[in-house]
Amino acid sequence: MRTTMGEKIKDLRVERHMTTKQLAQATGISEAVLNGLENDTGRDVGYSRIIELARFFDVPSDYLLGFTESRITKNIELKELGLTDKAIKVLLEKKQDNELLSQLIEHSEFSNLINAIDIYVKQLATKSINTINNLTAVVQRGVENYAAGTGMTDEYGKAMKYINETKINEDEFLRYRITERFNQILRDVYDDNADKVSEDIPSTIKSTNEMAECMVGVLDMVKVGEVELDSPMDAVELMMERMGVREEQLIGGLDVLRVFLDEVEEQKHNRRIDESI
């Protein structure tokens, strides 16, 4: 839910650790007018005072008036963001949820995630990891030679196994750290959005027995002539209705499933092409 102008002004004032009296002294706007604005009862104050508050708090006047939720006051040069033309086009086309993308970027671990990906794809850690593995190999060879010289190779089996396990697989190690960070971000974003999820989403069928009962119920209705079904899809829709799923939810779910399956098939097709090359 969007915040009101009064709520925004109050939030900005509190962030500056100011009272309304101090804000009045700093801006020249009377304390009574400011109180009216913060309580959303003083809308007829004149645009000039909104501009003055926007200038003081260094936010766009459009932000206070509710035309945007961004506090950024200037038009940012796209080159400052370091994005390619193709990346900008993707954002502008909005084929993805840019609000969700913003939540991912705003997460405290996002920078660490990108840095980990950067290290992985640019192989920045390869030299260090290879150095560690080479030192491990030297130690391993030394233990092997010592064990062979004493004639007690079997007793050093555990030590050799331990040394061997200390070697680092760069690909597995870095991809694990990337996955770990992304999963943490995803869990937090999921939790942040939990309260926004509609309460009318049907509960998950907890067992095949429950679904089977719904199917048998539909068949019984057909058997006694309570309903007439023209196609298998009619039976599915009736079963979904008995499970508490509305038609639009079913259609939406099937659309999502269809898109997902199409993507899976496309990936399989591309994989087959790559393997044939």
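The following dialogue explains how to read several features of a predicted model.

Trainee: What should I know before reading this model?

Mentor: This is a predicted model, in which local features need pLDDT of at least 70 and side-chain atom pairs count only at pLDDT 80 or more, while totals for chains, interfaces and linings use all residues. Residues are numbered from 1 along each chain as its sequence is written, and side-chain values use heavy atoms, with hydrogens and water left out.

Trainee: How many helices and strands does the chain have?

Mentor: Helices (H or I, at least four residues) and strands (E, at least two) are DSSP runs, numbered from the N terminus. Here the chain has 15 helices and zero strands.

Trainee: What share of the residues counts as buried?

Mentor: A residue is buried under 20% relative accessible area, exposed over 50%, and partly exposed in between (1.4 Å probe, protein chains only). By that rule, 21% of the 277 residues of the chain are buried. Accessible areas come from the Shrake-Rupley method with a 1.4 Å probe, and for residues only the protein chains shown count as cover. The accessible surface of the chain comes to about 20,900 Å², and carbon and sulfur atoms hold 53% of it.

Trainee: Among contacts between residues at least 6 apart in sequence, what percentage joins residues at least 24 apart?

Mentor: A contact means heavy atoms within 4.5 Å. Of the contacts in the chain between residues at least 6 apart in sequence, 56% join residues at least 24 apart.

Trainee: At what angle do helices α2 and α4 pack?

Mentor: Axes are lines fitted to C-alpha atoms, for helices over the stretch in contact, and angles run from 0 to 180 degrees between N-to-C directions. Helix α2 (residues 20-27) packs against helix α4 (residues 47-57) at an angle of about 100°, and their axes are 11 Å apart. Angles under 35 degrees count as roughly parallel, over 145 as roughly antiparallel, 65 to 115 as roughly perpendicular and the rest as oblique. Helices α2 and α4 are therefore roughly perpendicular to each other. On the α2 side the contact is made by Leu-23, Ala-26 and Thr-27, and on the α4 side by Glu-52, Leu-53, Phe-56 and Phe-57.

Trainee: Which classes of residue make up the contact of α2 with α4?

Mentor: Ala, Val, Leu, Ile, Met, Phe, Trp, Tyr, Cys and Pro count as nonpolar, Asp, Glu, Lys and Arg as charged, and the others, Gly among them, as polar. The contact of α2 with α4 has five nonpolar residues, one polar and one charged.

Trainee: How many aromatic pairs does a search of the whole structure find?

Mentor: A pair of aromatic rings is described by the distance of the centres and the angle of the planes. Rings of Phe, Tyr and Trp (its six-membered ring) pair if their centres lie within 6.5 Å; planes under 30 degrees apart count as stacked, over 60 as edge-to-face and the rest as tilted. The search of the whole structure finds one aromatic pair. The ring centres of Phe-56 and Phe-57 are 5.1 Å apart and the planes stand at 75°, so the pair is edge-to-face. Phe-56 is partly exposed at 24% relative accessible area, whereas Phe-57 is buried at 6%.

Trainee: Where is His-17 placed?

Mentor: His-17 is in the loop between α1 (5-15) and α2. Its phi is near 55°, a positive value in a residue other than glycine. His-17 is exposed, at 73% relative accessibility. Gln-123 also has phi near 55° and is not glycine. Gln-123 belongs to the loop between α9 (110-121) and α10 (126-150), and is exposed with a relative accessible area of 52%.

Trainee: With which residues is Ser-61 in contact, leaving aside its neighbours within four places in sequence?

Mentor: Those residues are Tyr-47, Ile-50 and Ala-54. Ser-61 is in helix α5 (residues 61-65) and is buried at 17% relative accessibility.

Trainee: How many Å apart in space are Met-239 and Val-218, C-alpha to C-alpha?

Mentor: They are 6.4 Å apart in space, although 21 residues apart in sequence. Met-239 is in helix α14 and counts as buried, at 12% relative accessibility.
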